[in-house]
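Please keep the sequence and the structure open alongside the text.

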Amino acid sequence: MTDSAYAAAYRESLEDPTAFWGRAAEAIDWTTPPPRVLDDDRPPFYRWFTGGTLNTCFNALDRHVAAGRGDQAAVLYDSPVTGARRTITYAGLLDEVATFAGALSSLGVEKGDRVVIYMPMVPEAVVAMLACARLGAIHSVVFGGFAPAELSVRIEDAAPVVVVTASCGIEPTRVVEYKPMLDAALDRSSHKPESVIVLQREQARAAVGERDTDWEEIDWHELVADAEPAGCVEVAATDPLYVLYTSGTTGRPKGIVRDNGGHAVALRWSMENVYGIGPGDVWFTASDVGWVVGHSYIVYAPLLTGATTVLYEGKPVGTPDAGAFWRVISDHGVKAMFTAPTAYRAIKRDDPGGELMQGYDLSTLETVFLAGERLDPDTYEWATKVLGVPVIDNWWQTETGWPIAANPRGLEPMPVKPGSPSVPLPGYAVEVLDEHGSPVPAGTEGAICLRLPLPPGTLPTLWQDDERYVGGYLSAFDGYYLTGDGGRVDEDGYLFVMGRTDDVLNVAGHRLSTGAIEAALAGHEAVAECAVIGVADELKGQVPRALVVVKSGIDATADGERIRAELVQRVRDEVGAVAALHQVDIVGALPKTRSGKILRKTMREIADGRTPAVPGTIEDAGVLDALGPVLRPRG
């Protein structure tokens with residue numbers, strides 16, 4: 001019996017990865033073709049395409065222009081918050097990127113240097129990313145919603161030569177000034193860049209060059225006016241393309257490293273085989289360039305493919321209403337879109353009958369992809385019903401850069417099972433293990449792990465921290481990468497992901513550290529002890545909830561409301577609005593094990609209305625009993 005297309009590809013990718021990924025690499029233009037596909041000389045530090053050289057920007061832009069796609073739209077900028085729209089062709093984007101690369105070069109940026117990008121969803125953010133890639137510099141994009149404290153620790157760790165920012169970002173109801181937040185972050189940071197480039201936006205102009213600083217502040221447009229275009233710098237396949245920071249359980253962010261060669265090969269392969277998008281197709285990812293989805297599927301994958309990508313500066317609702325996505329799909333002839341389930345839950349909440357869809361032509365839409373958090377069956381059923389097209393879940397992480405499990409629409413569409421992202425993709429040897437590291441039978445829950453080596457495009461290590469990479473991901477079970485998620489595989493090989501097993505929150509598809517939020521709370525003068533848990537939320541999937549023990553002598557009854565308000569504001573200031581606390585409870589004590597570990601998982605289960613498995617090592621069961629009425633859902 002002949003294997004299906006998926007089964008054959010999956011089997012070959014694990015049994016003969018050199019053959020499988022060697023063929024996939026033929027879709028990339030190499031300066032020096034890689035003499036070796038999988039380099040397994042230093043396990044667990046596996047590398048892909050060792051000896052090969054290329055330039056990612058060349059593969060995303062130059063080669064398409066040379067092949068006659070110069071007049072095709074590369075980026076469709078659509079900004080309902082400003083009313084601006086702009087079509088940028090491949091030739092036009094190449095000109096802008098080459099010019100900005102020349103501007104960066106004039107400031108001394110060279111191959112291997114870091115550039116931090118702290119920008120909203122504007123075309124210049126894409127230009128800055130690709131300009132870094134053109135020079136062989138390493139970009140580190142920081143989500144514009146992060147407050148100065150979070151931005152500061154990323155600047156300290158990346159040690160950039162240049163920081164690129166904008167004067168402001170724009171939300172549906174307010175303008176968020178970025179420059180004051182960057183100023184505050186640089187004041188806190190022990191590392192200072194040599195230059196700061198500021199893109200001025202008319203909604204709020206920033207003061208540039210008016211502070212007495214150790215670095216030069218430059219206006220974007222003035223800088224590029226005198227810049228000479230830069231060519232592509234040849235880099236090794238194993239050289240870093242970017243560092244993207246993600247929340248760790250300790251509060252110190254982890255710098256996920258993405259290399260040039262494996263990244264280009266994997267994303268190019270995934271675009272057609274997973275998402276069914278080829279050259280010339282219009283693709284709409286509603287995310288942000290500050291997150292991994294934006295890196296992979298707003299910028300790099302569609303441009304490496306020669307597709308047209310929509311850059312959307314807006315929201316699923318409120319810009320102006322819950323028909324916003326349908327308007328974008330209709331206006332731009334979108335073939336497939338990708339966003340987080342939270343977006344569709346918001347649309348469902350505001351327009352449950354899908355009436356706002358009626359005014360738009362959605363005939364070009366073939367598929368909707370949802371990822372970043374668990375796709376609950378209710379949202380899946382609703383979206384499938386109102387849209388009348390396949391709604392496809394896919395599961396992956398910042399660390400992997402592209403899906404671990406999905407329904408491969410281009411390779412072989414498979415039956416959909418609500419609640420499952422479908423099957424492991426080629427290159428990912430997914431196994432569910434028990435606490436001893438042994439595989440469990442089908443249908444049994446355990447820790448979802450990936451047998452090494454990981455496929456191309458995934459993290460080879462953490463930025464300047466091999467030890468933390470091994471300790472955080474590879475030490476739990478020998479020969480495996482620990483995803484941090486629990487779940488099961490059914491008898492048909494479909495994966496079901498049940499949620500995080502660590503202390504990282506998933507709020508509307510954004511990973512947030514409980515440690516970072518707790519650090520902000522602990523800095524308040526009234527707080528003796530605190531814990532943050534993620535509790536289930538119908539719209540966002542999870543929201544952060546704080547439990548706080550106040551210091552002796554403080555009257556929690558009289559001062560409670562003031563303390564709660566100050567703590568909520570403190571988290572917004574220190575971590576960012578994306579981490580806004582859903583609730584703050586002042587309690588008498590926190591439940592712990594005898595070793596002092598706070599029982600966050602147990603509290604989370606109670607708050608979600610489940611019956612927890614209380615560990616036998618609990619120090620005082622009475623504390624947990626007292627918290628029960630506080631934590632349990634009301635109603």
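This is a predicted model: local features need pLDDT of at least 70, side-chain atom pairs count only at pLDDT 80 or more; totals for chains, interfaces and linings use all residues.

Contact, as the word is used for residues below, means heavy atoms within 4.5 Å.

- S296 has its place in helix α10, which covers residues 292–305, and S296 counts as buried because its relative accessibility is 1%, where buried means under 20%.
- Once its neighbours within four places in sequence are left aside, S296 is in contact with Y242, L267, A301, P302, W396 and G401.

**Helices α3 and α4**
- Two packed helices are described by the angle between their axes and the distance between the axes.
- For helix α3 (residues 56–69) and helix α4 (residues 90–106), the axes come within 9 Å and cross at roughly 135 degrees, which makes α3 oblique to α4.
- The crossing in which α3 passes α4 is left-handed.
- On the α3 side the meeting residues are C57, A60, L61, D62, H64, V65 and R69, and on the α4 side they are Y90, A91, L93, L94 and V97; by class, this contact comprises nine nonpolar, one polar and two charged residues.

**Helix α4 by itself**
- Helix α4 has 17 residues and reaches 24 Å from its first C-alpha to its last, which is close to the 24 Å expected at 1.5 Å a residue.
- The buried residues in α4 are Y90, L93, L94, V97, A98, F100, A101, G102, A103 and L104, and among them Y90, L93, L94 and V97 also meet α3.
- After α4 comes G108, whose phi is positive, near 95 degrees.

**Helices α1 and α2**
- The axes of helix α1 (residues 5–15) and helix α2 (residues 17–24) come within 5 Å and cross at roughly 115 degrees, so that α1 is roughly perpendicular to α2.
- In this contact A9, E12, S13, L14 and E15 of α1 meet P17, A19, F20 and R23 of α2, and the residues divide into five nonpolar, one polar and three charged.

- P80 is found in the loop between β4 (73–79) and β5 (84–89), and P80 counts as partly exposed because its relative accessibility is 26%.
- Although P80 and A324 are 244 residues apart in sequence, their C-alpha atoms are 8.5 Å apart in space.
- Not counting residues up to four places away in sequence, P80 touches Y312, E313, G314, T319 and R327.

How values were computed
Residues are numbered from 1 along each chain as its sequence is written. Side-chain values use heavy atoms; hydrogens and water are left out. Axes are lines fitted to C-alpha atoms, for helices over the stretch in contact, and angles run from 0 to 180 degrees between N-to-C directions. Helices (H or I, at least four residues) and strands (E, at least two) are DSSP runs, numbered from the N terminus. Angles under 35 degrees count as roughly parallel, over 145 as roughly antiparallel, 65 to 115 as roughly perpendicular and the rest as oblique. A crossing is left-handed if the near helix is turned anticlockwise from the far one by less than a right angle, and right-handed if clockwise. Ala, Val, Leu, Ile, Met, Phe, Trp, Tyr, Cys and Pro count as nonpolar, Asp, Glu, Lys and Arg as charged, and the others, Gly among them, as polar. The expected span of a helix is 1.5 Å times one less than its number of residues. Buried means under 20% relative accessible area, exposed over 50%, partly exposed in between (1.4 Å probe, protein chains only).
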